[in-house]
Amino acid sequence: MQKLSVRDPYPFPKLQNDRDFCGVKPRQFQHQELLPTHLAQQEDPWSRLNSKHTLSSSRHETYHFDPQAPEDFLDFVIKSKYNHHEEFLKNRNEVLFQKETFDADHAGRKLKNRVVIVPQVPPSLNHPLVMTEQERHISGHSIKTAIVGPHSDVTNPGYSRKLDGGTRNMEDEGGIPQLNQEELDELAATLDIQYAILDNLTGGHDTYTAAITIANKGETQLQFGNWAIYFSHIRMIEPEHLPCKGGVNLPGGLNLCHINGCLFQLKPTPLFLPVRKGESIIIPIKGQYYSVSRTDIFPNWYIAADGLTPKVIACTANETLDFVAAFDKPWKWKRFDYIAANGKARYDFYDPYSPDIRFKKNDTEDLGKAGKLVLPTPARICMTDSDSPKELQFDARKWLIYSDMLFQKEASYLAGKIGASAVTTNTSEPSTCSVILTQGDISVNVHDKHLHNTEAYHLQVDGQKQQVHISARTSSGIFWGIQTLLSMTTNGTLPVVSIQDAPRLSHRGNHVDVARNFHCKETIMRLLEVMASYKLNVLHLHLTDDEGWRIQIPGLEELTEHSSKRSHDLMEESSLLPLLGSGPTACPPGSGYFTVQDYQEILMFAAERHIEVIPEIDMPGHCHAAIRAMQARYARLKAAGDDVAAEEYLLSDRLASVHTVQSVQMFSENSLNPGLPSTFQFIRKVMQEIQALHKDIQPLRVFHLGGDEVPYQAWEESPACRWLIETGEVASFKDLMTYFVLKVAEIAKDLCLSVSAWQDGIVYQCHPFPRSDFPNKEVFVCAWKNVWETGRAGDIFKLANAAYKVIMTPGTHMYFDHPQEPDPEERGLYWACRYTDTRKVFEFAPQNLFSNADVRLTGEPITSEDLKEMLFDPDFEPLEKPGNIVGLQGQLWTEVIRTAEQFDNMVYPRLLALAERAWHEAEWEHLSRDNGQRKKEQEEDWRDFSNTLGYKELGRLDACSVKYYLPPPGGRLSQKGLLELNCQIPGLPIMYCFNLEGDQDWKTYFKPLDVSGSEMIYLRTCSNDGKRVSRTIKMMLGNKESESK
């Protein structure tokens, strides 16, 4: 691919770099002479010369402001209208005029020390000057009425001037060339689009540069016409200009428009030159912030034209994202390098792992077997003494299950799992070869704490009587004991053992977002099966968001008929926009929902496994899907003449026609309106219907109302909200969020429900709402905003002290949508940290929060001094009520997760590490962060856990068809010149190959390799069942760089 020029397409003086009427603005960009060497060397000669003055060029500089201009706002506005330093002049309606500016002499104001220049009157002509205008547009290419002038068909194609100062073009006369369906189909099949990140660093934290290349490989010419290309982009493009009405014109005769959310439109203007077969056009763009991952770019770009069926551009229609160029330079894979406002340098310290670095990180002893008997680790395990049998033959076909009446469902579950021949409720005289489930009062002492809870169990394998006894106070305890029994069973044998066990936390959950991209019932049920196997007991289902509504609500059909679909419907009359790369047609994963039957089947499946399903209807933000659905309902009923029913569930103020405020995800019109009574009628209706779905299967206990990332400023545009303020019902706009949340909590209380919310739905300006304001029995808060340097991690303590029940959902350790390595080829977002691997999840200590403060966003280690600053911050509040921290939960957001395999890759095996920490409290967790003994014990615990994954648990996942993540191997050359390989998870097979071309001869690694005479080697990890492999790593065996594919 040819090197793309980074010449500034807008070479005009920038306000931030000039002396203006407000004084000297501080430079926001680094001086060229201060650029890092690696960037300076990459600059085009034009850029280097243009950005530095010689003595002569500084004297001839034409772009300057008059230093004698008055420094007041009025003249600044006047001058700015005629500021020819900008590329485009302001429209009249965009300029603020003051009355005195309309007078010829500025209402008597005189500028001091200025020479009054009297313009000379031009001599009169001997004939009148008549201005005329063509009655119809004539193409600039036409020879009719031709006037000799400097303009060619390149500089002025198809334009003529109007008397009012505007221009006519071919659009005025309907003269835009029209594509037909055959041409559009061919363009979709033959256009070759390449997207390349150019530089994340030069723009500081604000912007990065990228380029879109469109090459034509077909016979149909890509020319000015009625077509447009639509694509999803995770960052705002041209943030200095967009969003704005009409979009922004880019070099090359293209117009870029932000539609809504992450959807953008690229269409030609009359200045667009034809792109014929074999030709291409490069479009430079700026994106907001930075982009360092291939999966930041969405697939399924498509081309559309009015009246034609839109088609996906073939080269973008795959999950490999081959149309995205490699992130092969530091300025492409690093996020930032700039001086912050406080004067401190912010530099991204992360680089993709080389095989050698990965080898060092993977340096864990390979035990050759599982290091733990069961995951999660039981509280107390007592193995048999040396005189008794150590194993028991467990041929399930010969065994009976005896159960108390209370545990019949659990006994049937066990029988189905092991294929037992019979189940009986008579436990008085059990025979040999039997599993006995009985009720008992169980308590466990761990770390001087008495764990007397409803989920405790006692399991004993009696080798002499050939019996397995499981006792617990509740059916949940019995079920977890059964999971331990199933986990211990290996090749028809059981260890003779006694186990006393109970969880450390009552809420051990996993959150799944099915709204951004829909994931079907089967995927959710497979997740529930694995969750049950590792004693996780809560599934938090994120059912709605801006990009989709995923649960059928009887009586509100438009929620799924309209807003469960995404397609090429720019007015969103029949569906939502085709966001997140879902393409122009309504199909999974962009489209889909759980029917009433689907949802109830999920509930039944979860209830059988003692997993509580907590539904989340995210509000008041993240509600674009709901708002558009209710607008569709309004239109339908309004057309039918039923005005009252039409307005019954409206969620947006019809009088507020302009929506300028955008959410974090670039959505306008995404917030429910708290000023409308119909908003709360809608919420009550939805809550009632969801409660009815749960009835008789798993009665709804907790309703999650969302509450996160609300663009509060949107409410200032609403007449209904202003009315609440004016009447005094709400004190101010800043109090509208409290008003909304408490109204929803009141509805939940009427339905006998507790409520749950995300941290920012309960905490405002670093302080929680008073708990006493909530009428509900329990209020749960999912605390997620713990990026260490922001100071928000301490909100967990504030919430617990304020009597909220806190679920720890830390972004730095429990967000499974983040990459598993700091590599551009790894899938995931990275707002909370650059990566989260299985070991990082495993090492999280829930009850020693700040011991987890490891690194900043930059990758810089958090020092002991940094930690002291956090803990001695005036806003910090020590934890006084640790008992209110009741849970730990992993989060899977699915913006960049579209397939079932991607889902599994992101969840597993991190889910197993989550289960370990949520259930089992390790000895090392209570030691201080910098204690050497903690690090030693932590390393030993990880050794045992990771060996258990590789030699046991991942095989169980293989049997369930779970496509878990396979970490790529590490490698190093020993002092003897032998190649040594390892993996983060010991026990996974490692394979190597010397040539990827032609017949590939992959071999399994067993011992250090003699690679003398070889220049490179390719490495990958394989699943235990041999069906899947990791990313392939290329390792140079000399001093050259290594890379991954």
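Residues are numbered from 1 along each chain as its sequence is written. In this predicted model, local features need pLDDT of at least 70 and side-chain atom pairs count only at pLDDT 80 or more, while totals for chains, interfaces and linings use all residues; side-chain values use heavy atoms, without hydrogens or water.

The protein contains 25 helices and 46 strands. Both are DSSP runs numbered from the N terminus (helices, H or I, at least four residues; strands, E, at least two). Of the 1045 residues, 53% are buried. Buried means under 20% relative accessible area, exposed over 50%, and partly exposed in between (1.4 Å probe, protein chains only). Contacts are heavy atoms within 4.5 Å. Among contacts between residues at least 6 apart in sequence, 72% join residues at least 24 apart.

The structure holds 52 salt bridges. Each is a side-chain nitrogen of Lys or Arg within 4 Å of a carboxyl oxygen of Asp or Glu. Asp-348 pairs with Arg-335 at 2.8 Å, N to O. Asp-348 sits in the loop between strand 15 (345-347) and helix 7 (355-361), and Arg-335 in the loop between helix 6 (330-333) and strand 14 (337-339), so the pair ties together parts 13 residues apart in sequence. Asp-348 is buried, at 0% relative accessible area. Arg-335 is buried too, at 0%.

A second bridge links Glu-821 to Arg-358, with the closest N and O atoms 2.8 Å apart. Glu-821 lies in the loop between helix 20 (811-814) and helix 21 (838-842), and Arg-358 in helix 7, so this pair ties together parts 463 residues apart in sequence. Both residues are buried. Shared partners join Arg-358, Glu-821, Asp-823, Glu-826 and Arg-1031 into one salt-bridge network. Glu-980 and Arg-972 also form a salt bridge (2.8 Å, N to O). Arg-972 is partly exposed, with a relative accessible area of 36%.

The whole structure has 5 cavities of 30 Å³ or more. A cavity is a set of points, on a 1 Å grid over the protein atoms alone, where a 1.4 Å probe fits but cannot get out; lining residues have an atom within 4 Å of a point. Points are joined across faces, edges and corners, and volume is the space filled by probe spheres set on them. The largest cavity has a volume of about 200 Å³. Of its 19 lining residues, the closest to the centre are His-659, Glu-669, Ser-671, Ala-714 and Glu-717.

Conventions: On a 1 Å grid over the protein atoms alone, a cavity is a set of points where a 1.4 Å probe fits but cannot get out, and a pocket is an open set with protein on both sides within 12 Å along at least five of seven lines; lining residues have an atom within 4 Å of a point.
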